[in-house]
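Look at the sequence and the fold first, and try to pick out the helices and the strands by eye. The paragraphs after the display go through some of these elements one at a time.

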Amino acid sequence: MDAIILQTLNGLDKGSAYALIALGLTLIFGTLGVVNFAHGALFMIGAFCAVTMQRFLNLSYTLLDPTKKDFLGNPLKVQTPYVEHWFGHDTGAAIINWSVPLSILLAIPVMLILGFVMERGLIKHFYKRPHADQILVTFGLAIVLQEIVKQVFGANPIPTPAPVEFSGSLDIGALIGFPANAIVYPYWRLIYFLFSLGVIGAVFSFLRFTTFGMVVRAGMADRETVGLLGINIDRRFTLMFGIAAAVAGMAGAMYVPINSPNYHMGMDFLVISFVVVVVGGMGSLPGAVAAGFLLGVLEAYASLNEVKSIIPGIDQIIIYVIAIIVLLTRPRGLMGRRGVMED
Amino acid sequence: MSRFDLTRRGLLRTGMIAGAGLAMPTVFTSSAYAYTNEPKGKSVTLGFNVPQSGPYADEGADELKAFKLAVKHLNGEGDGGMMGTFSSKVLKGNGVLGKKVEFVTGDTQTKSDAARASAKSMIEKDGAVMISGGSSSGVAVAVQSLCQEAGIIFMAGLTHSNDTTGKDKKANGFRHFFDAYMSAAALAPVLSKQYGKDRKFYMLTADYTWGWTQAASMKEFMEGEGWQMVKDVKTPLASTDFSSYLAPVLSSGADVLILNHYGGNMVNSLTQAVQFGMRDKQVNGKQFEIVVPLISELMAKGAGKNIQGILGSSNWNWKLQDEGTKAFVKSYGTEYGVPPSQAAQTCYVQTLLYADAAERAGSFDPCAVGKELEGFKFDGLGNGPTLYRAADHQCFKDVLVVQGNDKPQNDYDLLNVAEITPVDKVMYEPDNKFFAGGELGKCNNGA
């Protein structure tokens with residue numbers, strides 16, 4: 001039983017990342033009609049915003065401490081971050097400790113700008129081209145972004161820890177009547193789950209309860225009519241692209257304590273996120289979110305030893321098996337609408 | 001109407017001319033060279049094939065630094081490092097056989113096919129006369145067999161699978177690094193002394209040749225100590241999130257977790273295991289323990305304070321106090337500002353051993369070099385007295401049992417040497433069941 005609860009939590013946690021990326025993909029597809037294969041790269045860039053923040057806060061000056069020796073017997077070089085120098089040792093250390101949550105402040109503007117530039121500079125020119133062309137150009141862009149990050153940050157994963165206060169784990173089992181230490185779950189993974197719910201809620205409220213959101217939704221349903229009413233829908237769609245990029249970026253920035261980021265991490269998520277979008281139904285925002293969590297949880301259950309002993313290797317392929325079943329029985333996906341990606 | 005009338009006779013004639021043209025260069029080369037890539041000029045080229053991306057990229061970067069340092073020392077630059085402490089004295093710092101040593105590098109990407117492609121390019125395009133490196137046994141086994149076919153010596157870098165000098169051994173391949181069997185043989189008595197005889201262990205194993213042989217060896221030796229295996233679960237090498245593999249451990253009834261993971265894999269799995277509270281857990285009335293059979297300094301650095309108190313084994317550690325180690329640490333530390341890792345040491349030593357064997361053989365012919373390496377006994381390279389056994393081209397030397405340091409004095413003081421297991425405790429016969437099945441075969445010089 002405790003294994004099932006743990007895997008459910010694992011699934012929701014993985015599902016959070018899938019859902020956030022799939023949400024952004026669907027926003028872009030629903031508004032602009034573009035299949036954005038660079039979305040995984042945007043997630044990765046968000047993660048590297050956190051790395052950049054950590055590096056920036058850790059910029060240090062070097063002093064020689066003659067009382068201590070390094071491994072070669074020379075005076076020890078002591079690195080003191082400028083932040084500690086300016087704000088005092090305690091405040092400085094606290095700021096560095098909180099570099100990952102703080103990196104959200106960097107990730108949002110960076111991703112918005114990157115989103116605008118991408119849309120205006122490149123993707124705009126591909127609206128009237130076939131989907132295959134869009135996929136090729138965005139995939140190429142993803143490779144370019146990846147290689148740039150690899151050049152700057154290197155190929156190795158970069159450890160980017162969560163604040164010390166959240167580095168431990170919560171004894172969930174004890175809260176719901178299990179013996180102590182039976183169900184223990186890391187704080188940061190719980191925070192990531194709650195964070196993703198918050199972001200998803202914010203995006204939905206934005207589309208639902210603001211005039212801007214109403215216009216965007218109207219544009220998604222019938223772009224031409226909205227244009228005829230004298231509304232500049234293109235500008236709003238560009239902003240939506242920026243928002244989708246920011247969602248992916250925030251998802252990436254908050255993800256780094258769970259897994260040290262490397263330049264390739266976006267690709268690992270991209271493929272699964274596309275399956276999520278297809279299973280949820282192309283163009284359906286609730287579908288993308290629901291399918292994200294659903295596939296995350298099913299993937300986690302497939303990792304249970306009891307399941308693997310019946311069907312070995314199922315944890316590696318479960319997502320694709322589900323995709324095949326859904327496409328055979330409901331070709332439009334779980335919540336897909338008629339007429340999307342159909343002639 | 002077609003302008004190209006293709007007739008049977010015409011096709012045959014064109015085919016013969018094309019065939020003769022293609023065969024031409026080989027006709028010339030095979031008569032001009034006594035063996036593959038025989039160096040004719042004033043220099044000799046070595047090929048260093050290391051992972052510059054993928055889960056083992058950290059180790060690869062360190063290997064490359066060590067190779068560059070070795071080349072410097074062979075050419076008489078720098079302080080000479082372990083050339084001064086090496087028991088064989090034929091290397092004089094004037095290159096090898098009077099030729100200046102040059103090198104080319106390739107990126108294995110921690111993938112067998114990419115590694116073979118980069119090794120092939122270094123052999124065919126750059127004329128490398130020896131290939132070294134590799135930070136994954138899957139890669140090492142693949143490149144070793146390529147070198148065997150091409151008539152090139154392969155001086156394995158960091159590869160720990162039993163298969164490299166077991167069922168996949170090759171006459172042209174030589175390994176200085178220790179293997180999974182030796183790790184398990186050295187660790188088992190220490191583990192049962194520290195954690196008791198009545199233990200149940202669960203293993204997560206990287207799903208490729210190294211993981212398999214590491215898991216099999218640990219199972220054999222731990223069961224020999226009276227421990228019971230609960231389960232051995234394979235994880236894909238490309239995995240980064242191990243949470244779904246770790247969750248079942250907690251409810252399995254096991255009280256020890258053995259992580260047969262290396263490099264970035266191990267950094268992630270250990271960090272996540274600690275996040276799941278495994279080190280604070282009591283199971284079966286005992287403290288839950290985590291064991292990492294193969295630990296390196298770079299992994300310890302990546303894992304941070306999670307490595308503290310964890311037991312494992314190493315081929316070498318920079319804190320050893322012998323003259324060879326001291327000379328190497330000084331030389332490497334001065335050059336790069338950090339102490340060398342075990343991956344760096346084995347690659348440096350392999351380059352020196354190759355150069356020394358070529359010098360003694362008076363030739364770069366892989367068969368002549370191989371003959372000098374077979375049965376070669378040496379000392380002064382950081383591991384104490386060492387034998388390159390002729391029967392399987394494996395080095396035999398003492399094995400270190402290491403433990404994560406609870407109170408590091410500086411950024412690099414991460415592992416303590418808990419015990420040095422003497423070589424006779426980890427020695428095995430070449431036909432041991434973990435190594436049986438392969439043949440060295442005949443040495444190939446490509447002629």
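Predicted model: local features only at pLDDT ≥ 70, side-chain atom pairs only at ≥ 80, totals over all residues.

Residues are numbered from 1 along each chain as its sequence is written, while chains are lettered from A and ligands numbered from 1 in the order in which they are written.

Begin with chain A. Helices (H or I, at least four residues) and strands (E, at least two) are DSSP runs, numbered from the N terminus. Helix 1 (residues 2–32) of chain A packs against helix 8 (residues 187–209) of chain A at an angle of about 30 degrees, and their axes are 9 Å apart. Axes here are lines fitted to C-alpha atoms, for helices over the stretch in contact, and angles run from 0 to 180 degrees between N-to-C directions. Angles under 35 degrees count as roughly parallel, over 145 as roughly antiparallel, 65 to 115 as roughly perpendicular and the rest as oblique. Helix 1 of chain A and helix 8 of chain A are therefore roughly parallel to each other.

The crossing of helix 1 of chain A over helix 8 of chain A is left-handed; that is, the near helix is turned anticlockwise from the far one by less than a right angle, and a right-handed crossing is the clockwise case. Two residues are in contact if their C-beta atoms, placed from the backbone, lie within 7 Å. Among the residues of helix 1 of chain A that meet helix 8 of chain A are Leu12(A), Ala19(A) and Leu23(A), and the residues they face in helix 8 include Tyr192(A), Val199(A) and Val203(A). Sorted by class, this contact of helix 1 with helix 8 of chain A holds 9 nonpolar, 2 polar and 2 charged residues. For these classes, Ala, Val, Leu, Ile, Met, Phe, Trp, Tyr, Cys and Pro count as nonpolar, Asp, Glu, Lys and Arg as charged, and the others, Gly among them, as polar.

Helix 12 of chain A contributes Val276(A), Val277(A), Val279(A) and Gly280(A), and the residues from helix 13 of chain A include Gly287(A), Ala291(A) and Leu295(A). The contact of helix 12 with helix 13 of chain A has 7 nonpolar, 3 polar and no charged residues.

Strand 1 (residues 60–69) and strand 2 (residues 75–81) of chain A run antiparallel and are joined by 7 bridges; two strands pair if DSSP finds at least two bridges between them. One bridge sets Leu64(A) against Lys77(A) in strand 2 of chain A. The hairpin has 5 residues between its strands, and Gly73(A) in the turn has a positive phi of about 90 degrees.

Now turn to chain B. One open sheet has 5 strands in the order 2-1-3-4-5 (chain B), with parallel pairing. Strand 2 and strand 5 (173–175) of chain B are at the edges with a single partner strand each, so one side of each is left without a neighbour in the sheet. From one strand to the next, the twist averages 25 degrees. Helix 4 (residues 137–150) of chain B lies across strand 1, strand 3 (130–133), strand 4 (153–156) and strand 5 of chain B, at about 160 degrees to strand 4 of chain B.

Within this sheet, strand 1 (residues 43–50) and strand 2 of chain B run parallel and are joined by 8 bridges. Phe48(B) has Thr105(B) as its bridge partner in strand 2 of chain B. Thr105(B) and Phe48(B) are 57 residues apart in sequence and 4.7 Å apart in space, C-alpha to C-alpha.Chain B has another open sheet, of 7 strands in the order 7-6-8-11-12-16-17 (chain B), with mixed pairing.
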